[in-house]
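Dear colleague,

Please find below the structure that I am handing over to you. My findings follow directly after it.

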Amino acid sequence: MLVAKLYAYAFLGEFVLLYPVYTLLFTDAGLSVAEISSLFVIWSVTGLVLEIPSGALADRVSRRLLLFLGPLLTGLGFGLWTLFPSYGVFALGFVMWGAGAALVSGSYEALAYEELERQGQSGRYAAVMGRATALGLVADAAAIGLAVPVFATGGYLAVGAASALACVLCAVAALTLPEHRTSGGGEGESYLAILKSGISEARTDRSVLHALLLVSFVTAIWGALEEYVPFLGAETGVAKTTIPLLILVVWIGATSGGLLAGAAAERMSTRGYALTIALAAPAMAAGAMSGHPAGFVLIALAFGAFQLAGVVADARLQERISGPARATVTSVAGLGTSLVTLAVYAVYGAASSAVSHGTMFALLVLPYLFIALMMVRGRVPARQE
């Protein structure tokens, strides 16, 4: 039952019909491109600032409570957007969304790992999280498909109401999750003590630090590039109506990677892990630079490999955390992922006017080759062997 409840939470958390249309809402409310960009900055900064503090909070109080409050806060923001569309309300909504996401980040992984561990099934963590990630992608696709008829029928109000409802249902799903722990890991530590403990473990335990860095870079680079896949589609010269089909191919690849992560985590060695990302990087580059729709098959395979690698890296991180501040350490990884993601966005934005999108993809996957080389040389192990 635990696994089914985790899956329900993951699905409902991504089943938000506003995702494909909220930029249109901002535009129709009269916002300029600069104003919309500033909203994204507010969203990102909120998440960055609250990521680690919320992780420590999850180690001090009930993680289930934070998993309940996170989607409620996000859903309230979505509701305000559709009822009172204006720049100030949009900014407030993004703050609420960023805060809600921060409450969930770290809490979800920590609760899932420790509850599985309590049942003697910690080895299933990668498989469970891989499938949860895949279900999130399915929810994204379903929300996009459903958003079209709902928006056509009831406009932004209907889409906003459906999104808020999904968030409420996600919060209700959180209440069904088991949690067999006491505040502060059972030791009654203060919030500051837990915060310091988590940061110290992330900084001083080399095995944890290596796993944390692996999660941050492996997850962030391809995750950021995913946002630019439509531009690659346009660069092939296909009709605009065909681009969603190319995106679907990539989506299938990423989803498959999540589903295969469990089996891979059980037997993947450090060299096997390094080989996976070392092969995925040139596949991504070749597919992106081909300038042909068939190249999206290679991109899909690469995205699947990177998705798998990210889930396995998270599982390795959870295995290595030994202190009472599991959510805090996981949130440090979340912060690292956010920082690398912003760096990729910045590089892409600065250089994209000078080179093609295919070339940008090829250049930005080069760090994967460096990571693979470091792993082969034994400096960044993928698992405790």
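Tyrosine 9 is buried in this predicted model, because its relative accessible area is 5%, below the 20% under which a residue counts as buried. Tyrosine 9 belongs to helix H1, which covers residues 2-14. Beyond the neighbours within four places in sequence, tyrosine 9 is in contact with Leu67, Pro71, Val104, Tyr108, Cys170, Ala173 and Ala174. As for serine 107, 98 residues away from tyrosine 9 along the chain, the two C-alpha atoms are separated by 12 Å.

A search of the whole structure finds zero disulfides. A disulfide is a covalent bond between the sulfur atoms of two cysteines. For cysteine 167, the closest cysteine sulfur is that of cysteine 170, at 6.9 Å, which is too far for a bond; the cut-off for a disulfide is 2.5 Å. Cysteine 170 is likewise in no disulfide, its nearest cysteine sulfur being that of cysteine 167. Both residues count as buried, cysteine 167 because its relative accessibility is 7% and cysteine 170 because its relative accessibility is 2%.

Helix H6 spans residues 107-118, and helix H7 spans residues 125-175. Their axes come within 10 Å and cross at roughly 140°. H6 and H7 are therefore oblique to each other, since an angle has to be over 145 degrees to count as roughly antiparallel. The crossing of H6 and H7 is right-handed.

Leucine 111 counts as buried because its relative accessibility is 2%. Apart from neighbours within four places in sequence, leucine 111 is in contact with Leu6, Arg63, Arg64, Leu67, Leu177, Pro178 and Glu179. Among them, arginine 64 is 47 residues from leucine 111 in sequence, with 7.8 Å between their C-alpha atoms.

Yours sincerely

How values were computed. Residues are numbered from 1 along each chain as its sequence is written. This is a predicted model: local features need pLDDT of at least 70, side-chain atom pairs count only at pLDDT 80 or more; totals for chains, interfaces and linings use all residues. Side-chain values use heavy atoms; hydrogens and water are left out. Helices (H or I, at least four residues) and strands (E, at least two) are DSSP runs, numbered from the N terminus. Buried means under 20% relative accessible area, exposed over 50%, partly exposed in between (1.4 Å probe, protein chains only). Contact means heavy atoms within 4.5 Å. Axes are lines fitted to C-alpha atoms, for helices over the stretch in contact, and angles run from 0 to 180 degrees between N-to-C directions. Angles under 35 degrees count as roughly parallel, over 145 as roughly antiparallel, 65 to 115 as roughly perpendicular and the rest as oblique. A crossing is left-handed if the near helix is turned anticlockwise from the far one by less than a right angle, and right-handed if clockwise.
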